Amino acid sequence: MTLLGPLGVALAVFVAAIVAPLALRGLGDIATKAPQTAPSRTPFAGGLPPIVHAWSRYHARYYVMALVFLAFDMEMVFMYPWAVVFVREGVTAFVEMGMFITILLLGVLYIWRERALEWS
Amino acid sequence: MSGLLARLAAGAPVPVFPVAGAGARDAVQDLRLQSELSLLDSPRAANVLLVAGTIPEELWDALARVHDMISRPRCTIFWTLGDPELRPPPVLPEALVVDADVAGAIVTAHRELLMGKRPSDPPVLPDEDPAQWRGVGPYGQGGTGMTGGTPYGRPMAELGPDRDGLQLDVLPLRVGPFFPRFPAGFSLDLKLAGDVVVEAVPGPTPYAGASVPPRPGLSPFVRALSEPVSIVELEMARAREHLRWLADALMAHELRTLGVRVLRLAANVQPGDGPAVRRLGRVLALTQVLTWSTKGVGRFTGEKVAGLGLGPVSRAAGIAEDLRTDDPGYRGLGFEPVVQQGGDASARWRQRLEETVQSLDLAGRANGTRTEPADRVESPRGRLEASSTPAARLLPLLADLLQGLEWGDAVTTLVSLDLDLEEEAAVGESVTAGQVVR
């Protein structure tokens, strides 16, 4: 660990994550003595060959939900330090957290009104 | 160590990818009741390719491609369904031909395969990409698209407007003919923008020119075109067809345990089972997941289907068309067609359940009554004639119906329509057979 330093460790993990699946796949091909052929690598959609390449740009429709999730997830993180001091601070902490949650709840209602939770 | 692993793997349920040809639909479906087999939706997850019944020549290329996609070690089993003259398609030269006890044969072959006693099937298609990945430049570089050129001979998708006002790729895609959610042999030429169907055109029907004996579930209706058939036989066959559809549809909606239960009921259904089917309907109404995914999906208006004789699909849209009302035998039993309002996938589910109950009731009361032979017979999927089948009349309506749906809703719609392309081959056979008799 100390030998590589934090950046070196990250790099080692990165390299291992690329090499490991390739090595496993290569080993599998060697073990079966019959590597995958071009037709067996095409995507399965019922047996007909694909017309165009699978690289295509589409609307990542879930991105609003993903952003909303991240925002509320971070707000949940704020509750952990609060839980630690809750017993010591008593009613004050409770009321403060109540206000915080109320503001969040208004945010949820706003998201609901803007239809950000609907797929289409 | 590897011997122990192989033995353990051989003891697990056998992963099978089934391909049901003409006449094999019911027999392959019944294999889902066998606990030692696991019928899968993708060839990649399977080690055994099971091919059953007649596969028309148009589908041989697709079958070869599916064969090569089966995970190694793999083997191919061809099930003749007891027809000694049926041979496996020539694209599968290594197939093991089985007449009876197909489950036992699959388990044995799979065990031999894993223990190394049987060699893995070699690929049948050559290891060639459709074209080299080359751009327009002298060193294969450059061109249009994301990386330039046409990767492996496949052009990049083209741009088109998205429903959110963006310019995004419209992906042309061909699904079928062995896509597990579609009826056997059915394929769809799609254009997808994200998950929305921009255009859907049904592909050619492979059984159009073929002539194969109808599968057992369909044969009473084909016979009723030329000879008197007892109403008990017809109505029990109708109830079984509807229950078999229900089992498939439940599995398509990933309610697999319920699907197996329905399949077991379909195998042993008796005229007194009406209450059991009603209970089933109540259970289905309680599973809200099904209601959410079918309500308002794939709606046919009454005008659109009027006069087409699409059986439960027409009657679910409020059109009381049923050829059974023309038959004196059925009239004597006081037959009245049941109809639903709505015409969506949900109405079609309800309609088939109610028709099953009605069929069981008719079968219980019919005693020895027989139908009169007619040119047109009400089959479980609608008006069946020698010259025209329900599926052939339904296919031209699909392009309009599927356009604009999300892909999941499009599959829900197709499942609820219960297409059966085999009817055409079955009716063709009956016409030929009739000529031989005359």
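## Overall shape of chain B

In chain B, 67% of the contacts with a separation of 6 or more link residues 24 or more positions apart; a contact here means two C-beta atoms, placed from the backbone, within 7 Å. This is a predicted model, in which local features need pLDDT of at least 70, side-chain atom pairs count only at pLDDT 80 or more, and totals for chains, interfaces and linings use all residues. Residues are numbered from 1 along each chain as its sequence is written, while chains are lettered from A and ligands numbered from 1 in the order in which they are written.

Chain B holds 16 helices and eleven strands, taken as DSSP runs (H or I of at least four residues for helices, E of at least two for strands) and numbered from the N terminus. Its radius of gyration is 24 Å, close to the 22 Å that the globule rule gives for 438 residues, so chain B is as compact as a globular protein of that length. That radius is taken over C-alpha atoms, and the rule is 2.2 Å times the number of residues to the power 0.38. Along the principal axes, the C-alpha trace of chain B spans about 80 × 60 × 50 Å.

## The parallel sheet

Let's turn to the strands. Five of them form an open sheet in chain B with parallel pairing, in the order β2-β1-β3-β4-β5; strands pair if DSSP finds at least two bridges between them. At the edges sit β2 (37–39) and β5 (96–98) of chain B, each pairing on one side only. From one strand to the next, the twist averages 30°.

Within this sheet, β1 (residues 14–20) and β3 (residues 48–52) of chain B share five bridges, and V19(B) has V51(B) as its bridge partner in β3(B). Helix α3 (residues 60–69) of chain B lies across β1, β3 and β4 (75–79) of chain B, at about 155° to β3(B). Angles run from 0 to 180 degrees between N-to-C directions, with axes fitted to C-alpha atoms, for helices over the stretch in contact.

## A hairpin and an enclosed helix

Strands β8 (residues 188–193) and β9 (residues 196–202) of chain B run antiparallel, joined by six bridges. L192(B) stands opposite V197(B) in β9(B), and in the two residues between the strands of this hairpin, G194(B) takes a positive phi near 65°.

Of the 22 residues of α6(B), 19 are buried, so this helix is largely enclosed by the rest of the structure. Just after α6(B), E254(B) has a positive phi of about 60°.

Key:
Buried ≥ 20, exposed ≤ 12 C-beta atoms within 10 Å, placed from the backbone.
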